[in-house]
Amino acid sequence: MRRDLAALISGLLFGAGILLSGMSNPAKVLGFLDIAGHWDPSLAFVIAGGVLVTAIGYRLVFATGRPLYEPVFDLPRRTEIDAPLIAGAATFGIGWGLAGFCPGSVLPVLASLSPEPWLFFAALLAGIIAGRVARSRPTAPPAGAGPAPGVA
Amino acid sequence: MTEFTPLSALAGGALIGCSAVLLMALDGRIAGISGILGGLLPPRPAADWDWRLSFLAGAAAAPLLWRLALGAPPGFVVSAAVPMLVVGGFLVGIGATFASGCPSGHGICGLSRLSRRSFAAVATFMATAAATVFIVRHVIGA
C-alpha cells in the first residue's frame with residue numbers, strides 16, 4: 001500500500017516533469033532530433049537536469065543500503081552490450097523519430113483525449129506485447145542472467 | 001520550429017530526476033517507463049502490478065493536477081500522420097522491449113548509474129532517431 005502511494009507520487013512528479021520540460025510536445029522532441037533544420041537543444045537540457053539530479057540522488061539513496069518500502073533495490077544486472085540492446089535501441093530510435101513520442105512523454109498527454117497520443121499509445125502497447133512474445137519464445141536469444149526485460 | 005527553452009527544460013529534467021530518485025528511495029525501482037508498462041502486459045505479466053499501475057496512473061493524472069494548480073498544461077503539436085504514429089508507436093514498443101529500456105530507463109536512470117549498456121542504447125537510439133527525422137524532413141520532405 002505504501003509502495004503504491006510512493007509510486008503514485010513519483011508518477012505525478014514524472015508527469016509534471018515531462019510537461020514542464022516541454023517533452024510532452026513532439027514538436028520539441030523532433031526539433032532536437034532535427035539537427036539539419038531549426039535545431040532546438042532543449043531535450044539535451046532535460047536530460048542534463050535529469051541525470052544531474054538522479055546521479056546525485058542515486059548515490060545518496062544507495063548509500064542507505066535499502067529502499068524504505070522494499071527489502072532490496074531492484075537493479076538491472078547485465079553489463080554486456082549485446083545484439084538485442086543495439087537492435088532494439090536502433091528500432092526504438094526509428095519509431096521515436098517517426099512519431100515524436102516515447103513511452104514516458106505520451107503518458108501526461110493522454111488525458112487531453114486528443115486522438116493522436118492514443119493512437120501512438122495503442123500501437124506502443126502492441127509493440128511491447130510483440131516484443132515480449134518474441135523474447136519469451138524458447139528459440140529466442142537468451143536474455144542473460146536475471147529476469148526477462150520488462151519483468152521485475 | 002520550436003524555441004529553445006533552457007530553464008524550463010532544466011527544471012523539468014530535474015523534476016523527472018526527483019521522480020526517479022523518489023521511486024528508488026522508497027520502492028527500489030528504476031523509473032523506466034517501457035519496463036514499468038511492459039511488466040503489466042502479456043505474456044507473463046509481473047506479480048508487482050500494483051506499484052506499476054500506481055506510477056503510470058500518477059503520470060497520466062499529472063496534467064489534471066497541473067490544471068488545478070497552474071491552469072492549462074502545456075499544449076503539444078503532432079506533425080506525424082496517422083500511419084507514422086502507428087508504425088512509430090509499434091517500433092518504439094518493440095524496440096524498447098528488446099533494448100530493455102527507453103529514454104527514461106536508459107537516458108535518465110541508466111546514464112546516472114554510469115551503465116555502459118545505457119550509454120550504448122542512448123547513443124544508438126539518438127543516432128537512428130536523428131537519421132529518421134533527417135530522412136523524413138529533409139529527404140522525403142514530409
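1. The largest cavity holds about 210 Å³ of space in this predicted model. A cavity here is a set of points on a 1 Å grid over the protein atoms alone where a 1.4 Å probe fits but cannot get out. Volume is the space filled by probe spheres set on the points, which are joined across faces, edges and corners. By this rule there are two cavities of 30 Å³ or more.

2. The lining of the largest cavity (residues with an atom within 4 Å of a point) comprises 19 residues, and A:Ile18, A:Leu43, A:Cys102, B:Pro103 and B:Ser104 lie nearest its centre. Two or more lining residues come from each of α1 (2-21), α3 (42-63) and α5 (103-106) of chain A and from α5 (103-112) and α6 (116-140) of chain B. Helices are DSSP runs (H or I, at least four residues), numbered from the N terminus. The most, four residues, is given by α5(B).

3. By class, 15 residues of this cavity lining are nonpolar, four are polar and none is charged. Asp, Glu, Lys and Arg count as charged, Ala, Val, Leu, Ile, Met, Phe, Trp, Tyr, Cys and Pro as nonpolar, and the others, Gly among them, as polar.

4. The second largest pocket has a volume of about 180 Å³. A pocket is an open set with protein on both sides within 12 Å along at least five of seven lines. Its lining includes A:Leu19, A:Pro108, B:Arg67 and B:Phe76. Helix α3 (residues 49-70) of chain B supplies the largest share, three residues. Nine nonpolar, two polar and one charged residues make up the lining of this pocket.

5. Residues are numbered from 1 along each chain as its sequence is written, and chains are lettered from A and ligands numbered from 1 in the order in which they are written. Local features need pLDDT of at least 70 and side-chain atom pairs count only at pLDDT 80 or more, while totals for chains, interfaces and linings use all residues; side-chain values use heavy atoms, with hydrogens and water left out.
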